[in-house]
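The sequence and structure are shown first.

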Amino acid sequence: MLHSPVDRVAEATPHAMAKRFRGLSDRSLAWLFVTPSIVLLLAVNIFPLIWTIRLSFTNFRVNRPNAEVAFVGLKNYVSILSDKDIWLTMQATAHFLIWTLVLQVLIGFSLAYLINKKFRGNDLWTTIIVLPMMLSPAVVGNFWTFLYQPQIGLFNYAVGFLTGADPSSFSMIGDVSLAPWAIVIVDTWMWTPFVMLICLAGLRSIPDSIYEAAECDRASKWRQFWTITIPLVLPFLMLAVLFRGIENFKMFDLVVQLTGGGPGSITELTSINLKREAFEKWRTGYASAYAVILFVTVFGLASIYVKALNKVKQR
Amino acid sequence: MSSYSVTEPSRRQKWFAGILVVLYALITILPLVWIIATSFKTPSDAIAYPPKTFFTPTVEGYVNVFTTRTRLTEEQLQAVGEPQTWYDRLVRKDGLVISGPSRFAERFTNSVIIGFGSTVLCIVLGTAAAYAFSRFKVPLKDDLMFFILSTRMMPPIAVAIPIFLMFRSLGLSDTHAGMILLYTAVNLSLSVWLLKGFIDEIPIEYEEAALIDGYTRFQAFYKVVLPQAATGIASTAIFCLIFAWNEYAFAVLLTSGNAQTAPPFIPTIIGVSGQDWPAVAAGATLFLVPVMVFTILLRKHLLRGITFGAVRK
């Protein structure tokens with residue numbers, strides 16, 4: 001089994017050298033093993049990030065390579081933070097983020113709680129519920145535009161069937177008041193299983209003995225739920241919220257295929273807006289400053305959140 | 001196990017929970033079933049009102065996704081002559097002739113090459129790094145591990161601008177090699193974190209025994225640790241593969257003609273007259289079904305990958 005390039009190098013080297021190579025000290029072997037990964041991450045993640053930061057202080061535009069690049073200081077940052085449209089995209093992102101998290105936590109936890117009742121066949125049904133999140137968000141998002149078609153769409157038909165409304169009377173992705181919910185529904189459909197799986201792991205980690213002890217003390221089921229189940233699952237739930245929060249703050253593929261930011265710019269989340277600035281208007285310097293602001297926001301919120309999470313864990 | 005247990009749910013509770021979960025599962029897979037069903041419909045069945053549950057299946061969508069077609073007039077059709085193959089006959093009844101293959105097969109192949117290429121690279125690098133982090137005293141270990149995790153927090157669009165510039169100057173833009181490197185870097189964080197968890201669980205005594213028997217550290221790594229970590233490596237690999245398979249943002253920004261993968265391509269499938277939904281559904285089905293099958297077959301090994309190794313079994 002030749003798994004690593006190191007192996008192949010070892011194979012190819014002359015015997016005397018090979019002996020020395022294989023007899024590498026732990027220290028040098030450790031470096032040999034870690035360095036390629038770190039180098040790749042530096043090259044593809046950190047180097048671009050530093051480049052983005054540098055570009056964010058300039059008026060560089062990719063589509064005008066010959067124009068003189070000038071240092072503009074904080075101008076990009078100032079114009080982004082004072083731009084009303086950008087605050088509107090922030091609001092759209094906040095709406096999306098808050099509602100997807102609320103719905104996914106509620107539904108995800110309930111499902112996990114039910115699955116943990118260990119009915120027969122729960123394993124297979126869990127897998128079926130997990131299916132949507134394993135699929136390509138862009139491809140699935142694109143198909144949801146078909147399900148959302150007025151009249152012929154399955155979603156509209158189902159809503160019409162259940163509520164008696166006319167399926168052609170509303171358009172989930174064409175209506176300004178419905179489109180923000182259209183993306184919340186698809187994201188919830190797709191990612192609730194993620195929250196569910198983490199909650200399930202949390203529920204399964206609670207030892208039976210705690211409930212047995214509570215039973216001996218004659219604690220009601222209701223009391224057991226609030227004083228045992230919820231506190232012990234909370235760290236897991238918070239972890240799920242962290243992962244989903246970061247992912248949905250970055251949300252691009254699903255929504256860009258579903259609504260493309262429309263109608264108007266009502267569902268234009270920050271990533272979609274950023275893509276417009278960077279790859280359609282080609283305002284590279286400006287978009288870089290935008291990217292830095294987003295990254296600092298995610299990183300800042302995530303660190304505060306992780307601190308809170310650690311506090312909950314310690315309790 | 002007939003003994004009474006206070007923690008075992010009652011039969012009624014099980015029934016109640018089971019019914020609700022099954023109900024949710026059925027609703028949740030309905031859109032997926034609909035994709036597969038639509039792929040076997042004719043365009044007019046696909047947009048029928050009310051939506052058709054029962055229909056005569058046809059593979060027209062699949063023919064359409066692999067071909068480009070032109071509409072010809074009556075005289076031109078006669079000049080072309082009788083259709084030769086079953087797929088020619090299928091499109092001919094709508095007055096169309098196949099004018100050539102579409103780019104779908106090419107895009108699909110790109111997805112396979114880039115997906116498997118980045119997975120292999122990611123596993124090689126990830127296993128080595130994870131082993132080092134698990135067994136050796138690496139200076140600044142915690143900081144490096146956090147650094148690896150934090151690379152996951154960046155929105156793809158945020159780093160796409162400089163990567164776009166970097167790839168362009170290195171001649172990597174729109175190449176398989178460029179996309180493989182990029183997806184490897186994106187997946188490396190997941191792979192190192194997961195694999196470290198798996199390797200941590202292998203008792204260190206095995207290696208110590210091997211070292212005492214005269215193995216070098218390196219031999220101990222690949223003769224003792226690697227076989228033991230095989231399941232973990234396999235499930236990590238599936239995750240890397242699924243991620244690279246599904247990725248859209250980088251693919252749509254950094255590739256166009258040569259190395260474009262299927263996700264940016266499938267939504268652009270358009271028929272002769274407007275959006276050809278059965279063809280889109282057929283492309284989507286071919287693209288999604290392998291992942292569904294994988295998920296169902298390997299469900300026991302996937303849980304940990306989904307939760308980023310944060311949750312052990």
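Which residues of chain B does UniProt list for "transmembrane region"? The unreviewed entry lists residues 15–37, 112–133, 145–167, 220–245 and 277–298 of chain B. UniProt positions are given here in the numbering of this report, feature names are shortened, and annotations may be inferred rather than shown by experiment.

## Basis and confidence of the model

This is a predicted model, in which local features need pLDDT of at least 70 and side-chain atom pairs count only at pLDDT 80 or more, while totals for chains, interfaces and linings use all residues. Residues are numbered from 1 along each chain as its sequence is written, and chains are lettered from A and ligands numbered from 1 in the order in which they are written.

The model has an ipTM of 0.85 and a pTM of 0.86. The pLDDT, the predictor's confidence in each residue from 0 to 100, averages 86 in chain A, where 92% of the residues score at least 70. In chain B the average is 85, and 93% of the residues score at least 70. Where pLDDT is low, the predicted coordinates should not be read in detail.

## Annotated spans

Helices (H or I, at least four residues) and strands (E, at least two) are DSSP runs, numbered from the N terminus. In chain B, residues 112–133 are 100% helix and 0% strand, with end C-alpha atoms 31 Å apart. Residues 277–298 of chain B are 95% helix and 0% strand, and their end C-alpha atoms also lie 31 Å apart.

For chain A, the transmembrane regions listed by UniProt in an unreviewed entry include residues 96–115 and 287–306. Residues 96–115 of chain A are 100% helix, with end C-alpha atoms 27 Å apart; residues 287–306 of chain A are likewise 100% helix, with end C-alpha atoms 28 Å apart. The UniProt annotation "domain: ABC transmembrane type-1", from an unreviewed entry, covers residues 90–305 of chain A. That span is 75% helix and 0% strand, and its end C-alpha atoms lie 19 Å apart.

## Contact between the chains

Counting two residues as in contact if their C-beta atoms, placed from the backbone, lie within 7 Å, 86 residues of chain A meet 86 residues of chain B. Helix α3 (residues 26–55) of chain A gives the largest share of the chain A side, 17 residues. By class, that side holds 60 nonpolar, 15 polar and 11 charged residues. Here Ala, Val, Leu, Ile, Met, Phe, Trp, Tyr, Cys and Pro count as nonpolar, Asp, Glu, Lys and Arg as charged, and the others, Gly among them, as polar.

Helix α14 (residues 284–314) of chain A packs with helix α8 (residues 156–170) of chain B at an angle of about 140°, with their axes 9 Å apart. Axes are lines fitted to C-alpha atoms, for helices over the stretch in contact, and angles run from 0 to 180 degrees between N-to-C directions. On α14(A), Thr284(A), Ala287(A), Ser288(A), Ala291(A), Leu294(A) and Phe295(A) meet Ile157(B), Ala158(B) and Ile161(B) of α8(B). This contact has 7 nonpolar residues, 2 polar and no charged.
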